[in-house]
Amino acid sequence: MNNSNRLLEIYMQRLSLRTLNDAASKLGVTRPAVSNWKAGTSHPNAEAIESMCKATGEPLNRWLPLIEADRCRTPGDRKAWLRLAQAAAALAVIYLISHLDVQTHDGISLAFVYIMRNYRRCAGASG
């Protein structure tokens, strides 16, 4: 199953849409377009991806690079988009860790300090 199909299924499930016609109507696209996404013969554009993400609460920074990677015609292009997806996931983890209560999660706070210290070194900042 491709990522366009996965996001479409999440969208239809969370919005209780029963048919591809319902999904197409809600997204403002044609039914054949949605059918092609489901079949994997084409992929939604960035606007449709964003609409599905907003409606479902799914992170756009996760789905957009994954679907763009599916759309790629060369292995090199696909790798580039997948690296972007990994970077977005890493940033999300850093963001979540940074918002933990450090006074009650000593082990996690130490891990965060270690990660951030090494991140700053790799980024060229002083540690």
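Trainee: At what angle do helix α1 and helix α3 pack?
Mentor: Before the number, note that this is a predicted model, in which local features need pLDDT of at least 70 and side-chain atom pairs count only at pLDDT 80 or more, while totals for chains, interfaces and linings use all residues. Residues are numbered from 1 along each chain as its sequence is written, and side-chain values use heavy atoms, with hydrogens and water left out. Axes are lines fitted to C-alpha atoms, for helices over the stretch in contact, and angles run from 0 to 180 degrees between N-to-C directions. For α1 (residues 3-14) and α3 (residues 31-39), the axes are 7 Å apart and the angle is about 120°.

Trainee: Which word describes how α1 lies to α3?
Mentor: Angles under 35 degrees count as roughly parallel, over 145 as roughly antiparallel, 65 to 115 as roughly perpendicular and the rest as oblique. The angle here is about 120°, so α1 is, relative to α3, oblique.

Trainee: Which residues make the contact of α1 with α3?
Mentor: Contact means heavy atoms within 4.5 Å. From α3 come Val34, Trp37 and Lys38. The α1 side supplies Ser4, Asn5, Leu8 and Glu9.

Trainee: How many nonpolar residues does the contact of α1 with α3 have?
Mentor: Ala, Val, Leu, Ile, Met, Phe, Trp, Tyr, Cys and Pro count as nonpolar, Asp, Glu, Lys and Arg as charged, and the others, Gly among them, as polar. By these classes the contact has two charged and two polar residues, and the nonpolar ones number three.

Trainee: How far is Lys38 from Asn5, C-alpha to C-alpha?
Mentor: Lys38 lies in α3, and apart from neighbours within four places in sequence it is in contact with Asn5, Leu8, Glu9 and Leu20. Lys38 and Asn5 are 33 residues apart in sequence, yet in space the C-alpha separation is 4.8 Å.

Trainee: How many helices does the protein have?
Mentor: Helices (H or I, at least four residues) and strands (E, at least two) are DSSP runs, numbered from the N terminus. Along the sequence the pattern reads α-α-α-α-α-α-α. There are zero strands, and the helices number seven.

Trainee: Is Ala24 buried or exposed?
Mentor: Buried means under 20% relative accessible area, exposed over 50%, and partly exposed in between (1.4 Å probe, protein chains only). Ala24 sits in helix α2 (residues 20-27), and beyond its neighbours within four places in sequence it is in contact with Val29, Thr30, Arg31 and Val34. Its relative accessibility is 3%, so Ala24 is buried.

Trainee: Where is Ser16?
Mentor: Its phi is near 55°, a positive value in a residue other than glycine. Ser16 counts as exposed because its relative accessibility is 60%. Its place is the loop between α1 and α2.

Trainee: How far does the backbone oxygen of Met52 lie from a polar atom of the Thr56 side chain?
Mentor: Thr56 belongs to helix α4 (residues 46-56) and is buried, at a relative accessible area of 11%. Leaving aside neighbours within four places in sequence, Thr56 is in contact with Ile10, Tyr11, Arg14 and Leu15. From the Met52 backbone oxygen to a polar atom of the Thr56 side chain, the distance is 2.8 Å.

Trainee: What is the relative accessibility of Ala87?
Mentor: Ala87 is found in helix α6 (residues 75-98). Its C-alpha atom is separated by 9.6 Å from that of Asn61, 26 residues apart along the chain. Ala87 counts as partly exposed, and the value is 37%.

Trainee: What share of the residues in the protein is buried?
Mentor: The protein has 127 residues. Of these, buried residues make up 26%.

Methods:
A polar contact is a pair of N or O atoms within 3.5 Å; within protein, one must be able to donate a hydrogen and the other to accept it, and residues adjacent in sequence count only if both atoms are side-chain atoms.
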